[in-house]
Amino acid sequence: MRIATWNVNSIRARSGRVIDWMVRADIDVLAMQEIKCKPEQFPREVFEEAGYELEIHGLSQWNGVAFASRLPMSDPAITFAGMPGFGKATPEGTLPLEARALGVTVEDVRLWSLYVPNGRELTNDHYPYKLAWLKALLADMTTWRQAHPDTPLALMGDFNIAPLDIDVWDLAAFVDSTHVSAPERAAFEAFLEAGFVDTVRSRGVEGYTYWDYKSLRFPRNEGMRIDFILGNQEFDDLVVDASIERDERKGDGPSDHVPVVVELDLETSLDDDRPMIF
């Protein structure tokens, strides 16, 4: 079973590219972030024609997460316990929850598509929101693992953190910036300390996953590694291959992120008769 995560940066603008790659790469399950649309605006038809089911969580033209899967999905969840909100308080005094998390189960593997808050600037209210969001996510996933000790679990998506110095092209360019601050890196490290494995880096895969559109960042390879697939030990034990699909940043109208892929040694109920697109 081939699983991938991809911040698509607007699925309505890139559905053709996404589907074309999924078919070429033989992807069974794709976690998407920044779909930037509501479920009724999602280009369902092209995915369904290619043989993919969908789970979608989007509230506006911002954020949004989704799954496309050739295999049946069950137990969808759009929040996790303690998930903080952000923005203008509701009349009830609570902060609205953004569309940043979507969980599904596929072939008894629990998967989450996650779009971690950006943080914006170190002095912005979005920064403590980001740290609180990550803390709540880890707490809930720790509780879930205790209740499901034998179930493979993967947290996939855009973490908006470059956890190591080698994950940015020039650390000097990020002085006093988010993504590389000590508290953010500590929040990411806390997942590893809790037993999650960076399933891609641990297999020797190098490279960035994001390049800004401006200043010829991609041709100059001035990128960042901020997209990850973190798995518990039960998930990591299934991984037989991993890759960062750098070529998907090339060509016309690319996302500023590229897909990250893992292949699992897992028998599925998938038929060999898979739809083709010509």
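Predicted model: local features only at pLDDT ≥ 70, side-chain atom pairs only at ≥ 80, totals over all residues.
Residues are numbered from 1 along each chain as its sequence is written, and side-chain values use heavy atoms, without hydrogens or water. Local features need pLDDT of at least 70 and side-chain atom pairs pLDDT 80 or more, while totals for chains, interfaces and linings use all residues.

**View 1. Helices H3 and H4 pack together.** H3 spans residues 126-147 and H4 spans residues 182-193. Helices are DSSP runs of H or I, at least four residues, numbered from the N terminus. The angle is about 10°, and the axes are 10 Å apart. Axes are lines fitted to C-alpha atoms over the stretch in contact, with angles from 0 to 180 degrees between N-to-C directions. H3 and H4 are therefore roughly parallel (angles under 35 degrees). Residues in the contact (heavy atoms within 4.5 Å) include Leu 131 and Leu 134 of H3 and Ala 187 and Phe 191 of H4.

**View 2. Met 22 sits in helix H1.** H1 covers residues 11-24. Is Met 22 buried or exposed? At 0% relative accessibility, Met 22 counts as buried (under 20% relative accessible area, 1.4 Å probe, protein chains only). Beyond its neighbours within four places in sequence, Met 22 touches Ile 27, Leu 30, Phe 47, Tyr 52, Ala 68 and Arg 70. Ala 68 is 46 residues away along the chain, yet the two C-alpha atoms are separated by 9.7 Å.

Key:
Helix = DSSP H or I, 4+ residues; strand = E, 2+ residues; numbered from the N terminus. Parallel < 35°, antiparallel > 145°, perpendicular 65-115°, else oblique. Buried < 20%, exposed > 50% of the residue type's maximum accessible area, 1.4 Å probe, protein only.
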